[in-house]
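User: Could you walk me through this model before I set anything up with it?
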Amino acid sequence: MKGYCRVCPVCDGRACAGEVPGMGGLGTGRSFSANLESLAAVRFNMRLVHDVSEPDTRIDFLGHSLAMPLLAAPIGGVAFNMGEKISEAAYISAVLGGCAETGILGCVGDGVPDFIHQSGYDAIKSLDGKGIPFIKPWKDAEFFEKVDKALAAGATVIGMDIDAAGLITLKQMGRPVSPRSPKRLGEIIHQVKVPFILKGVMTVADARMAVDAGARAIVVSNHGGRVLDHTPGAADVLPEIADAVKGQIAILADGGVRTGGDVLKMLALGADAVMIGRPFSVAAVGGLKEGVSRYIQGVAGELKAAMILTGTAGADSVDRAILRM
Ligand SMILES: Cc1cc2nc3c(=O)[nH]c(=O)nc-3n(C[C@H](O)[C@H](O)[C@H](O)COP(=O)(O)O)c2cc1C
């Protein structure tokens with residue numbers, strides 16, 4: 001099974017370390033495992049003497065009302081990264097469909113073969129715009145061609161995974177991707193016109209640049225550990241980023257989130273909403289739309305339970321004091 005997902009009991013990057021292509025983290029896999037370790041190191045203060053018995057998990061996110069603060073992260077190339085057990089079209093319509101059915105949003109990834117983004121945009125179209133495309137930092141002509149296609153499919157928000165500038169898979173295929181200067185980023189965001197999300201922010205400096213450039217949201221993310229070995233986990237850097245820019249820009253975070261408890265930890269560390277990646281791929285390959293919906297329902301149940309046990313009334317106002325820091 002080398003190179004493909006082994007569907008481990010806990011998806012922590014150990015069995016698949018170094019498997020990029022594949023579902024793993026780059027190199028030693030330490031950036032992937034740092035995501036899980038940084039979340040595991042966070043503990044809850046358990047509180048039961050309060051009046052929260054029906055917590056409200058709903059949030060508003062860039063004009064979308066979500067049943068809970070969760071999005072399926074953009075994952076492109078599942079067909080070949082999971083061993084051709086499912087077509088890209090069947091995969092992405094299962095993810096976006098399961099998300100729409102349960103009142104959350106799914107995202108669409110990008111890659112070298114056109115069928116990756118094309119099947120994502122087709123799925124967004126069939127769901128009346130319910131999905132967020134993330135486009136890689138290609139040369140401008142290709143980037144804006146994809147923006148136009150995504151908008152034509154009905155997308156109302158566009159993301160760029162700027163950290164894909166480090167993806168070895170794209171380098172291996174000879175396709176140029178690159179970072180953007182603060183000035184150029186501002187021009188791109190201005191030109192895109194709909195709300196723009198910058199994904200792959202791991203420092204306060206980049207978060208401030210995203211605010212200054214006019215982005216509406218950032219994703220605190222090390223791309224699931226797939227672009228640079230030996231980064232911190234997302235939950236390690238989230239508090240300092242939130243301290244710097246919370247309220248000026250919506251903050252998403254991903255990496256190693258597996259349960260509703262993990263979702264609540266990320267919210268308490270400063271995120272407004274959270275993304276989950278690989279477990280959605282497993283759910284979709286294993287059970288298509290039904291598998292995705294069931295996974296989301298499980299996370300929703302865990303989130304509600306954790307909110308009750310920490311005395312958290314609303315997902316839009318989670319107090320860092322629920323954590324033992
Ligand atoms: C196989 C694979 C493909 C991915 N493709 C994309 C992509 O096309 N665009 C993107 O922004 N992120 C992509 N990611 C990163 C995810 O969006 C997300 O940041 C990461 O998977 C979160 O970590 P988790 O899987 O531990 O939850 C990919 C991740 C994996 C494992």
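User: What is the mean pLDDT of the protein?
Analyst: This is a predicted model, and the mean pLDDT of the protein is 96, with 99% of its residues at 70 or more.

User: Where is confidence lowest, and where is it highest?
Analyst: The lowest confidence in the protein falls in helix α6, residues 168-172, where the mean is 79, whereas strand β9, residues 217-220, has the highest, at 99.

User: Which polar atoms lie by the ligand oxygens?
Analyst: A polar backbone atom of P74 is 2.6 Å from an oxygen atom of the ligand, and a backbone N or O atom of D110 is 3.0 Å from a ligand oxygen atom. From the side chains, K136 places a polar atom 3.2 Å from an oxygen atom of the ligand.

User: And how much of the ligand's accessible area does the protein cover?
Analyst: On its own the ligand has 610 Å² of accessible area, and the protein covers 98% of that.

User: Switching to the backbone, which peptide bond is cis?
Analyst: The bond from V20 to P21 is cis, its omega being near 0°, and P21 belongs to the segment before α1 (30-40).

User: What about phi of L62?
Analyst: Phi of L62 is near 45°, which is a positive value in a residue other than glycine, and L62 is found in the loop between β2 (59-61) and β3 (64-66).

How values were computed: Residues are numbered from 1 along each chain as its sequence is written. This is a predicted model: local features need pLDDT of at least 70, side-chain atom pairs count only at pLDDT 80 or more; totals for chains, interfaces and linings use all residues. Side-chain values use heavy atoms; hydrogens and water are left out. A polar contact is a pair of N or O atoms within 3.5 Å; within protein, one must be able to donate a hydrogen and the other to accept it, and residues adjacent in sequence count only if both atoms are side-chain atoms. Accessible areas come from the Shrake-Rupley method with a 1.4 Å probe; for residues, only the protein chains shown count as cover. pLDDT is the predictor's confidence in each residue, from 0 to 100. Helices (H or I, at least four residues) and strands (E, at least two) are DSSP runs, numbered from the N terminus.
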